[in-house]
Amino acid sequence: MKTSIKPALVSLFLLTALLLASGCRNTANGFGKDVENAGEKIQEKTD
């Protein structure tokens, strides 16, 4: 009974890539919202 570890490694790699991509997307969205909020506050102070 010989089992291959390759499918498990490929699955682990894909899962890791998916989680990293999800984390990066959330970080970029959060940063964008922070920049937008800062810009709105600057506009409020100049009005």
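Predicted model: local features only at pLDDT ≥ 70, side-chain atom pairs only at ≥ 80, totals over all residues.
Okay, so let's start with the whole chain. We have 47 residues here, and 0% of them count as buried. On secondary structure, the tally is 1 helix and 0 strands. If you put a box around the C-alpha atoms along the principal axes, you get roughly 75 × 5 × 5 Å. For the accessible surface, the figure is about 4,600 Å², and carbon and sulfur atoms account for 66% of that.

Lysine 41 itself is in helix α1, and it counts as exposed because its relative accessibility is 54%, where the cut-off for exposed is over 50%.

Now, the charges. The chain has 6 positive and 5 negative ones, and how far apart are their mean positions? The answer is 23 Å. On the negative side, there's a surface patch where Glu36, Glu40, Glu44 and Asp47 gather. Asp47 is the one I'd like to point at, as it's in the segment after α1, with the helix running 6-46. Is aspartate 47 buried or exposed? Exposed, because its relative accessibility is 81%.

Then there's a nonpolar patch on the surface as well. Ile5, Leu9 and Leu12 make that one, and it covers about 320 Å². Isoleucine 5 is placed in the segment before α1. It has 59% relative accessibility, so it goes down as exposed too.

How values were computed
Residues numbered from 1 in each chain as written. Heavy atoms only, no water. Patch = residues over 30% accessible without salt bridge, like charges linked within 9 Å, V, L, I, M, F, W, Y side chains within 5 Å. Areas by Shrake-Rupley, 256 points an atom, 1.4 Å probe, with all protein chains shown as cover. Salt bridge = Lys/Arg side-chain N within 4 Å of Asp/Glu carboxyl O. Lys, Arg positive; Asp, Glu negative; His and termini not counted. Charge placed at Lys NZ, Arg CZ, Asp CG, Glu CD. Helix = DSSP H or I, 4+ residues; strand = E, 2+ residues; numbered from the N terminus. Buried < 20%, exposed > 50% of the residue type's maximum accessible area, 1.4 Å probe, protein only.
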